[in-house]
Amino acid sequence: MTHARLVLAFLLVCGAPATAATTIRIMPPDGGILPAGQLLDIRVEATGDDGVPPAGLRVWVGGDEWTARNDPKAQEGAARGTTNFLARRFSPSTAGPLVIRATTSDGASAESRLQVEAWAGPVRPAQPRARNVIFFLGDGMGAAHRTAARIVSRGMSNGKARGRLAMDTLEVTGQVMTSALNAVITDSSPGMAAYVTGQKHANNQEGVFPDNTPDVFDNPRIEYFGEMLRRTRGPGFNVGIVTTADLTDSTPAANAAHTSSRFAGPGIAAQFFDERATNGVTVLMGGGANHFAPKAAGGTRPDARHLIEEFRGAGYEMARTGTDVRALLDPGRAAPRQVLGLFHASHMVVAFDKIGAGTYSDELALEKNAAYRDTPMLEDMTRLALRSLSTHSPAGFYLMVEGASIDKRAHAADSERSLWDTIEFDRAVAVALEFARATNSDRDPDNDTLVIVTADHECGGMSIIGVGNERYAPATLGRAVRDYAGVFRFLPEQVLPFFPNYVVDDRGYPVDPNPSRKLLMGWAAAPDHVENWVADRVQTEAAVLEKKDDGRLVAVANPARAKDGEIPGFLVSGTIENGETACPDPHGCPGDTASNGHTFAGHTATDVPLSATGPGAWQFTGVYDNSDVLLKLLRAAAGTYAPLR
């Protein structure tokens, strides 16, 4: 055999020499389910591994070639070595499989296989529809948070709860899987956005798909639930967003803003206003005032826009204090058509510090918090939102209410503040249930209300680990010991009083957070921290960063948790990354592969409960993904859900 034939035979067996590989990414990603008629952007990115943009990118959508429909701006800001396709505002109209396919001249190809589901159509006979949807999001609220709040707020007698939380009374409860597009553990942005877009998002992103440009506001978008109903029902449908966080924070933003950076506060605040005709937001209440005003007016905006004045000019009534909220709730005053409430420069004061001010909390006594001593409770904010929306939304409304610091104080392994915020959140749920009962029992079958209560993820790995053994109480010993954490007994006679002994006020808040038999929380996803079983009178973080001789920042237990003159605590070793170990890879640990000193407890991938009542509530039984919820909401809103058999 000649040399040439030997070479040819070798190539036939082993394959031709590899050419530069091209990778193709398609958004929306493979496996997504789209409601028919939802608006979304399609982006295809072809990347060459040699820095040369791949040639001949072609794109097909549902069997039709779309290559010629490429947006002229598809290449703007794109990464070097890429060829890109972009089509804005695509709306799949036909139910069934939808395939987006792309190829390049060098033979690379990729597909995104999607499913389009119908949801509109004639209402089933005698079947109510949800003209209004109220969506409660307890940020970071896992099953343990709900259980602990019930025990602390309602108490127990003879092994039975003395009462239920409002969220316990919803007829249907299911279990939600919460992972993000790019991580088993989600952050709040994709955690909330998945519910109201029906798609998985990458961490830090909301209302958009990933792309290869640095501009955080040019990513391919997908329409939110509120935007869809605003567009399809018209301007008589309105949206309300209420939170105890900064209004530009993840959860509130993930109902109306479209960005690949949850930290782009000034731009998110501007989107609320600039896109109000399409996002439908007429009620906006929470913290984050800094992002709504320029530096010259006391804010932190990098531009000169004074959004507060722009909202005023557009007819929004302004509320800055709890007194303002109560005034707008005055039944002798007309319900405001539009409301902007800004009650803090950043995140609002938590329930523990509002309820316990002057008794068991000193947080509001601090001079830095003097401006926030008159801030509303979440239940009053919810009541005002419902008053405005129900009066001025003839085509119905969507209201999202977030209890934000269930999560924020769980990050600090701060049991009391996290639980007090859960109780505050539940009181807001009670307000909504009262509203829903009135709409769902009147003579008008076309104004019913669906109420959902859930979480975006669990935070802290919180668990109920025991009840304080009062013979070992810190106040008795003068110090905290692990033996105060009494656990279950297998002894023939149960002598240890193993139920908490909180005394609560008429709102369900304990009058003393430190009874002799406390409910004790453990944190599986926390850093090193000090535990003394006593509620902190001021907010204290779990850990701090300590600089080592070699410059590394290592997370260590915050010594302020064991203050001089108070009951000293003991160290609880954390289990999450703390920055102690330098990168062992000889090539280094780039990006987020290097360990960081985490000073706060992390989110977990644990499923979260979702409870529902109202039209279509029975759709929410079982175990399902957060991205499955949108279709259920739409079918409830349209009255096209399958009847309970």
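Q: At what angle do helix 3 and helix 15 pack, and how far apart are their axes?
A: Two packed helices are described by the angle between their axes and the distance between the axes. This is a predicted model, in which local features need pLDDT of at least 70 and side-chain atom pairs count only at pLDDT 80 or more, whereas totals for chains, interfaces and linings use all residues. Residues are numbered from 1 along each chain as its sequence is written, and side-chain values use heavy atoms, with hydrogens and water left out. Helix 3 (residues 188-197) packs against helix 15 at about 40°, and the axes are 5 Å apart. Helix 3 is therefore oblique to helix 15 (under 35 degrees is roughly parallel, over 145 roughly antiparallel, 65 to 115 roughly perpendicular, the rest oblique). Axes are lines fitted to C-alpha atoms, for helices over the stretch in contact, with angles from 0 to 180 degrees between N-to-C directions. Helices (H or I, at least four residues) and strands (E, at least two) are DSSP runs numbered from the N terminus.

Q: Which residues of helix 3 and helix 15 meet?
A: Y195, V196 and T197 of helix 3 meet V629, L630 and L633 of helix 15 (contact means heavy atoms within 4.5 Å). By class, this contact has 5 nonpolar, 1 polar and no charged residues (Ala, Val, Leu, Ile, Met, Phe, Trp, Tyr, Cys and Pro count as nonpolar, Asp, Glu, Lys and Arg as charged, the others, Gly among them, as polar).

Q: How do the axes of helix 4 and helix 15 cross?
A: The axes of helix 4 (residues 225-233) and helix 15 (residues 629-638) come within 11 Å and cross at roughly 30°, so the two helices are roughly parallel to each other. Helix 4 contributes F225, M228, L229 and R233, which meet L630, L633, L634 and A637 of helix 15. The contact residues divide into 7 nonpolar, no polar and 1 charged.

Q: Which sheet does helix 15 pack on, and which strands does it touch?
A: The sheet is open, with 5 strands in the order 2-8-7-4-5 and mixed pairing (two strands pair if DSSP finds at least two bridges between them). Strand 2 (33-35) and strand 5 (64-65) stand at the edges with a single partner strand each, so one side of each has no neighbour in the sheet. Strand 2 and strand 8 (residues 109-117) run parallel, joined by 3 bridges, and L34 stands opposite V116 in strand 8. Helix 15 touches strand 2 and strand 8, and its direction makes about 20° with that of strand 2.

Q: How many strands form the sheet with the order 21-20-22?
A: This open sheet has 3 strands with antiparallel pairing. Its edges are strand 21 (485-486) and strand 22 (519-523), each with a single partner strand, so one side of each is left without a neighbour in the sheet. Strand 20 (residues 462-468) pairs with strand 21 over 2 bridges, and V467 has G486 of strand 21 as its bridge partner. Helix 2 (residues 143-154) packs on the sheet, touching strand 20 and strand 22, and its direction makes about 30° with that of strand 20.

Q: Which cysteines form a disulfide, and what is its handedness?
A: The structure holds 1 disulfide (a pair of cysteine sulfur atoms within 2.5 Å). C583 and C589 form it, with sulfur atoms 1.9 Å apart. The torsion about the S-S bond is about 70°, so the disulfide is right-handed.
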